[in-house]
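Hi,

Here is the structure I promised to pass on.

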Amino acid sequence: MLEILLIIAVVKLFTKKAQEKGLSKGLWGFIGAASYYVPVFFTGWFILPAMVESGSLQFSTEMSAMLALVGISIGAGVVCCFVAYRILVAQPDAIKEDEGLLDQDL
């Protein structure tokens with residue numbers, strides 16, 4: 001349930017910023033969702049279980065292990081999502097680029 005709410009918030013954030021910059025809302029909404037969900041998926045299903053199985057991560061109880069694994073997975077998704085959002089913010093505005101082309105002397 002938490003992941004669904006986070007994905008919705010991320011997609012809304014990315015599409016709103018893309019619209020402000022005159023960029024494709026659909027593309028940036030997809031990039032935002034993927035930048036969160038792909039790291040969460042790979043961390044939660046492949047990386048952390050392998051680390052627990054190999055003994056790299058050790059926990060005293062099963063509950064602490066589950067909470068740590070969920071927290072680390074969500075943390076990885078948030079970090080990657082933050083990086084993708086910074087990339088979106090750094091993109092030049094599409095509207096300003098078009099205006100600049102019209103103002104140039106030929």
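Below is what turned up in it, starting with the overall build and moving on to individual residues.

A word on the ground rules: this is a predicted model, so local features need pLDDT of at least 70 and side-chain atom pairs count only at pLDDT 80 or more, while totals for chains, interfaces and linings use all residues. Residues are numbered from 1 along each chain as its sequence is written, and side-chain values use heavy atoms, with hydrogens and water left out.

**Overall build**

Helices here are DSSP runs of H or I with at least four residues, strands are E runs of at least two, and both are numbered from the N terminus. Of the 106 residues, 23% count as buried; buried means under 20% relative accessible area, exposed means over 50%, and partly exposed is in between, with a 1.4 Å probe and protein chains only. The protein exposes about 7,500 Å², and carbon and sulfur atoms supply 69% of that. These areas come from the Shrake-Rupley method with a 1.4 Å probe, and for residues only the protein chains shown count as cover. Among contacts with a separation of 6 or more, 72% are between residues 24 or more positions apart, where contact means heavy atoms within 4.5 Å.

**Salt bridges**

How many salt bridges does a search of the whole structure find? There are two, counting a side-chain nitrogen of Lys or Arg within 4 Å of a carboxyl oxygen of Asp or Glu.

- E20 pairs with K17, and their closest N and O atoms are 3.4 Å apart. Both sit in helix α1 (residues 2-21), three residues apart, or about one turn of the helix. E20 is partly exposed, at 48% relative accessibility.
- D93 and K21 meet through their side chains at 2.7 Å, N to O. D93 lies in the loop between α3 (62-90) and α4 (94-103) and K21 in helix α1, so this pair ties together parts that are 72 residues apart in sequence. K21 counts as buried, at 10% relative accessibility.

Leaving aside neighbours within four places in sequence, K17 is in contact with Y85, L88 and V89. K17 and L88 are 71 residues apart in sequence, but their C-alpha atoms are 7.8 Å apart in space.

The structure holds six aromatic pairs. One of them is F14 with Y85, an edge-to-face pair at 5.5 Å centre to centre with 70° between the planes. F14 lies in helix α1 and Y85 in helix α3, so the pair ties together parts that are 71 residues apart in sequence. F14 is buried, with a relative accessible area of 0%. As for the cut-offs, rings of Phe, Tyr and Trp (its six-membered ring) pair if their centres lie within 6.5 Å; planes under 30 degrees apart count as stacked, over 60 as edge-to-face and the rest as tilted.

Y37, F41, F42, W45 and F46 form one aromatic cluster. F42, for one, is found in helix α2 and is partly exposed at 43% relative accessibility.

Is S35 buried or exposed? S35, in helix α2 (residues 25-54), counts as buried because its relative accessibility is 12%. A polar atom of the S35 side chain lies 2.8 Å from the backbone oxygen of G32. Leaving aside neighbours within four places in sequence, S35 is in contact with F14, G77, C80, C81 and A84.

T43 lies in helix α2 and is buried as well, at 10% relative accessibility. Not counting residues up to four places away in sequence, T43 touches L48, P49, I72, S73 and A76.

Cheers

Notes:
Polar contact = N/O pair within 3.5 Å; in protein donor to acceptor, adjacent residues only side chain to side chain.
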